[in-house]
Amino acid sequence: MPVPPTLTPVPPPLAALRPATGVFREFALDPGQPLTEEHGIFFMHARGEGAGSIRGWQQAEPGSDAPAYRTSMEGRFVATANAIHDRTSGQSWVWPGEELRLVGFSEDAALFELLKEQRMEARVRTGRYVLTDGHLEERAVFDLKGEPLPTIPAMFEPGGRRAYLALDQNGRYPALFHLDGARAEARAVLAPQQPTALRRALFHAPTPLADGSGILIPYSYWPLRPQGIGYGVFATFVARFGWEGVRQSVTRIRVDRAFTSPDGAYLAGERVLHIPESSPPAYEKTSTVIVIDGTTGRNLFRIRSARLNYGDELGGARWLADSSGLVIQSRIGGKVGYSIVDTEGSRLEPLPDPPRRSEEWFAHPDIRGGVASPDDPALISFGRTDVYDRRSGRWASMAPEAGAPAHLAPWTQTRGEMVLALPHQPHRVLPLLADLEETHIEHTSSLAGTSS
C-alpha cells in the first residue's frame, strides 16, 4: 500500500484570535459620582430607579497610547483595536494588531479582516474577511475588493448570519456588499456610478429599520465645484434593503444628508435654500430643515431657521424612537437650543437646556447637540454627557473630569443606556454654514428649490 504524503495542516482563518482573561477592568459608579478615568467606555442607565448609575470598562494594559473604544449596537460587546470583551459573559479575546482588524460587530456576529492576506489586483486592493457568530467562531470567509469606510459601520442581520459592508473602491466610489454567511457568498448590491470630473458619490451612515427587516442607506452625489444647490449636493437617494440582499426601493430627495425615521416613513435633511431669481446666484442666510415622505420623496413641510447637522461628529438618531417627532437645533425667543417637531408640522416642543459646564468644549451650543434614544421616545441625549427624560422631567449626567467624549454614537439600541467613551479625539468647532434666526414652521404647496 502506498503511504500518503504528510499533509501540512492549514491553520483556521482566525488562528490569531485567542481567549484571554484580565484584559478589561470593570467598575461601577453611583449616580452623581464624578468620572475621573482618563480612558474607557461607560454605560449610564437612563431611566427607572437606576437612572444615573454607570458601569465602565477599560483595557487593563492599554500600552503607550490610550485606546479608542467602541461598542456593538445593542451594547453586549466592547472593543479596542486589539481586544474585545463580552459584557454579558465576562469573556475576552485578543489578537495581534498587525494580523487582524475588527471591521464591525453586533450581538450575534463580528467581521474581521485578515491583514496579512491583503493583495493588490490591477491596482485595486482585495481583502479577506471572516464573518463569525456570537461566540467569535468562523461562519464564512469572503474576498472583497476595496477599503473599509470607517464612517459607515457594518450592519448585521439579527442572528448575525447576513451583513452589509460598505467599501471604498480604490478611492473612486463606494460600493455596498451583501455578505451571506450561510452560503459563504458576497456580491455588490449598490455601486453608484463612478464620479466624473465634477461629481463624486458618498455613502451616509445606514439606519436599521425598527421592525428588523433590513436597513436604509442614504447616498449622495456631490459636485466637486458646488453650483446652485444648497451645500453643494447634486442629489441624495435613500435605498431600502432587506436582509436577503434585495434592494426594495429608492427615494430621491434634495438635501445633503438624510436622517431617516425608524419606521422608514419620514426623511429629514438640512439645506441652505437658493434665493429665487437671484443673479448672480445667492443663498439665504439661514438653514432650513425639510421633512419628506420616506416613500414618495414628496416634501411635507419645512422648518425655517433650524439645523440637523450639529455636534462634534455627532452620530445617532434625530427622529424619536416611535417616529413621532424630530429633534432639531432651533432659536426660540432669541435663544439657541433644541426642540422637537411633530410629524404633522403642527407644533414645536422646546427642550430644556442641559446642565451648564464651564469647559470650552461644552460651552458651545452646537457641541451640546441632542440625539434621540433609539428605543424610548422620552429620552434625549445632550452632548454625549447628559440625558433628559421628557416623561419625568429629570436629568441624568456623566461628568468626565479628564476632558471631552470621543466620537461615539451616544446610545445602545435597546438597553436604555447612554454611552460615553474617553479619551476625546481631535475636533474643531467650525463656523456654522448658516445663521439661526427665529425658528418657525412653514406649510406650502411649492417649496422653492426643494422639489423632488
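This is a predicted model: local features need pLDDT of at least 70, side-chain atom pairs count only at pLDDT 80 or more; totals for chains, interfaces and linings use all residues.
Which residue of strand 26 does Val 289 stand opposite? Residues are numbered from 1 along each chain as its sequence is written, and side-chain values use heavy atoms, with hydrogens and water left out.

Back to the opening question: Val 289 faces Ile 303 in strand 26. Strands here are DSSP runs (E, at least two residues), numbered from the N terminus, and two strands pair if DSSP finds at least two bridges between them. Strand 25 (residues 288-293) and strand 26 run antiparallel, joined by five bridges. Their hairpin has five residues between the strands, and Gly 297 there takes a positive phi near 80 degrees. Strand 26 also pairs with strand 35 (residues 440-442), antiparallel again, over three bridges; Arg 302 stands opposite Glu 442 in that pairing. Five of the six residues of strand 26 (residues 299-304) are buried, so this strand is largely enclosed by the rest of the structure. Buried means under 20% relative accessible area, using a 1.4 Å probe and protein chains only.

Let's look at strand 7. Ala 83 and His 85 point one way from strand 7, Ile 84 and Asp 86 point the other way, and all are buried. Three bridges connect strand 6 (residues 77-79) to strand 7, with Phe 77 partnered by Asp 86, and a hairpin of three residues links the two strands. Strand 7 (residues 83-86) is also joined to strand 8 (residues 92-94) by three bridges. In strand 8, Trp 93 is the bridge partner of Ile 84, and Ser 92 is the partner of His 85. In the hairpin of strand 7 and strand 8, Gly 90 takes a positive phi near 85 degrees.

And that's our tour of these two regions.

Methods
Helices (H or I, at least four residues) and strands (E, at least two) are DSSP runs, numbered from the N terminus. Buried means under 20% relative accessible area, exposed over 50%, partly exposed in between (1.4 Å probe, protein chains only).
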